[in-house]
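Please examine the sequence and the three-dimensional structure shown below. The explanation after it is intended for a reader who is new to protein structures.

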Amino acid sequence: MYNFNSYALQWMQTMTFAIKEINQRSDLLPQLKLGFHIRDGCYDIPVSLRESFMLLNGQPESLDRDKGPESNIGSNLGCAAVHRTASPVIIGGPASGVSMALMRSLGSFHIPLVSYFASCSCLSNQREFPTFMRTMPSDAFQVRALARLVSYFGWTWVGVIGLESDYARFAIQLFLQESVQYGVCAAYTHFYPIVLTKQALDALLDIIQMSSSKVIINFCGESEMENILREIRLRNITGLQWIASEAWSTSVYLWEEFGDLLMGTLGFAIRRADVIPGLKQHLTSLRPSEISESAFLAELWEEMFNCRLNGSVNSHSHDGDNYLDRLPCKGTEDLNDVYSPYSDVTQLRVSYNVYKAVYLVAHALQDMSNCIVGQGPFPNSTCADPKNFKPWQLIHYMKRANFSTLGEKVNFDENGDPIAYYDLMNWQRRPDGSLDLVKVGFYDASSPSGRSLVINDSVIQWPVGKQASRSVCSDSCPPGFRIARRKGEPICCFDCVTCAEGEVSNKTDSLECLRCSKDTWPNKARDLCIPKTVEFLSYYELMGIVLCVVSVFGACISLSILTIFYTYKNTPLVRANNMELSFLLLVFLAICFLVGLLFIGEPSDGLCRIRYPAFGISFALCISCLLAKTAVVLMAFRSTLPGSNIMKWFGPHHQRASAFLGTTVQVIICLIWLLTSPPHANNNTDYHSATIIVECVTGSEVGFWCVLGYIGILACMCFLMAFLARKLPDNFNEAKFITFSMLIFFAVWITFIPVYVSTAGKYTVAVHIFAILASAFGLLFCIFAPKCYIIILKPEKNNKKTVMQR
């Protein structure tokens, strides 16, 4: 006998048990007794329609005797067969397609239909099926659970196949829509016909073999899955991770033949009742005398015990067995002595749905009985008569039913669907080789979305290895990369592109990179924004230390020479070279050396406002002193001409005044600069993106170049006058030394300008300091080194005769 009938008989017997149980209760429908008629729809739409209309018409059983034994399952199990009344509610339509056909035909009669196994989401359309209810969750919930499941294990590339039926068509359509939000794509989608021919199987298996996806979701029943697995075994295809729909997720029958191919299968199963008290005894209490007139029960008995009942209405034979050659049943057979899916109550799932469907009708009738006259829900506040009601009145109460059974709270949403709860089952092998359906998680649609799916990974057994297989079109993009879609391919197929400069991605499979803030920059992996490196010429780095030491050293040399000159101030050599201007020049040179220190350290607005004016004024002082010295030398020889009194305008006071007057112009330029657009500190991120250059910007470029230009004008005047006086007949004529020092000065600053413009950051500052120090050392050594040489090493030449010698 086909295995499905064993389950169907269990469902039928569960209904009879539930009705018997309700009729024996005193707290539920105490004034009413439930009855039933059972008809076989053969899982066929025309047969189901015919049998349903017979129930509605209340036709006596005798009219159907000629239809064959399949038409009258258990005809004597309920009310008397003769003089039937029309059924006000139908519990059945296990297949979604059958339920849809029944509703379209019975809708005009407003007959409630309660399905215990039809899951198609299309049946939730209350405008099209207003009297449909079910105790089986809608596929809309199963599909959400499946999408969450494949996403949980990182399977973004899955094959989706299904039977060419309303059930599979709507389920797959919903899955494709739902999976998008989890980044899951279908490697392929394929529907196969109900009658799986060799050609149809070959087409399906070719797709499975050619695909890179090893995870397959199959929306079908046991029989279709059996044919597919048989062909897979012939082709020796292994390593597939099957995801079962609830239609075959607990099929022990499939395991018996294909356990090696189904090891590790995952699937959602509808809620299971741990036990329905008394059901096991009800199922196994059948005796030959009770079942001889029920074709299905008789067939079950004869197939189970390989015997023939006396007066049996069964005429079927299976597997080539000659039914008529069987021995008569002894009458002592007991269903407790053999295993059958019929009597197996370890997986009470669909049977539990049947049980709840019966209780749904009972509680609706109970609510109808509790109606208070004058406060009813129907026109004019009337109530329905529980013993004589209309089907549309019953559906009103069924839609609002809210009860508990076996510890579970049962209620329905606005579409007549129960709140979905699924057990996540994993197919594992027991030591004896039998199937162990292990619950490894659950999906509860009533929980918040983030906690609706709970999985215990540690107890899962996989088809291959000890962890979930990978099934992706493209490997995940790690942090530091972003997804670049491939044109014309599914969203799960992409390339990984490194984040652009200045951007990061801090999670896997980022669709875009985020730009770092102004003060941060990506690390090497480009997955984190880190503070940018702050750059300025510091006192603590080698270059800063060297420049600082050289600056102080230059100032010390200047002051040392000043000390030597002061010590030998009464000697002819010192007196002959304009002693007061020499002292001032040495002091100003020491200041120039120390000005270099202002360019070291972290810039601030105050420091920047001091730095540039100090540089400009100190060099203006130095060049002004040199200009005055050169003018004195030049005028001194002019004054020797007869009748010349020009030297009276170049006395010591005039010399000092001219030096400070030349500096005053620079002071005025600096004041205007500071008052209009002063220098200030700035964080520069344009030159090096990963570095914040803390620098002094000039504020006004015109001001900076005016300061530098004025120094150049003074230097040009000094050079011109010194050049004119270079050949004057004096043994220690300073003009030639001043000329040479100005040449060095020009060389330094002409070189400085292009280098200054082309560098950035601390190197710009270092170039500036180097130019200051180089020009200051040039002035110092060119003018004072020869004199120090005579004073210290050749004191015998430091006399009036030698100095005056021409």
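This is a predicted model: local features need pLDDT of at least 70, side-chain atom pairs count only at pLDDT 80 or more; totals for chains, interfaces and linings use all residues.

Residues are numbered from 1 along each chain as its sequence is written, and side-chain values use heavy atoms, with hydrogens and water left out.

Helices (H or I, at least four residues) and strands (E, at least two) are DSSP runs, numbered from the N terminus. Helix α2 covers residues 45-57, and I45 lies in it. With a relative accessible area of 37%, I45 is partly exposed; the classes are buried for under 20%, exposed for over 50%, and partly exposed in between, using a 1.4 Å probe and protein chains only. Contact means heavy atoms within 4.5 Å. Residues up to four places away in sequence not being counted, I45 touches G97, V98 and A101. The C-alpha atoms of I45 and S99 are separated by 8.6 Å, although the two residues are 54 residues apart along the chain.

An open sheet of three strands has the order β1-β2-β3, and its pairing is parallel. Two strands pair if DSSP finds at least two bridges between them. The edge strands, β1 (90-91) and β3 (132-134), each pair on one side only. Strand β2 (residues 113-115) is joined to β1 by two bridges, and V114 in β2 is the bridge partner of I91.

The next topic is the nonpolar core. Such a core is a set of buried Ala, Val, Leu, Ile, Met, Phe, Trp, Tyr and Cys residues joined through side-chain atoms within 4.5 Å. Which residues touch the most other members of the largest nonpolar core? Of its 98 residues, they are F175 and M398. Helix α12 (residues 350-369) supplies the largest share of this core, 13 residues. Apart from this core lies another, of 68 residues, including L585 and V765. Beyond its neighbours within four places in sequence, F175 is in contact with residues including V143, L146, V184 and I217.

Most residues other than glycine have a negative phi. N306, in the loop between α11 (295-305) and α12, has a positive phi of about 50° although it is not a glycine. S381 is in the loop between α12 and α13, and its phi is also positive, near 60°. S381 is partly exposed, at 32% relative accessible area. In helix α13 (residues 391-399) is H396, which is buried at 19%. Neighbours within four places in sequence aside, H396 is in contact with P377 and F378.

Finally, the structure holds three cavities of 30 Å³ or more. On a 1 Å grid over the protein atoms alone, a cavity is a set of points where a 1.4 Å probe fits but cannot get out, and lining residues have an atom within 4 Å of a point. Grid points are joined across faces, edges and corners, and a volume is the space filled by probe spheres set on the points. The largest cavity has a volume of about 50 Å³. Its lining residues include E535, F599, R611 and K762. Both β22 (691-697) and α21 (762-793) give two or more residues to this lining.

Conventions. On a 1 Å grid over the protein atoms alone, a cavity is a set of points where a 1.4 Å probe fits but cannot get out, and a pocket is an open set with protein on both sides within 12 Å along at least five of seven lines; lining residues have an atom within 4 Å of a point.
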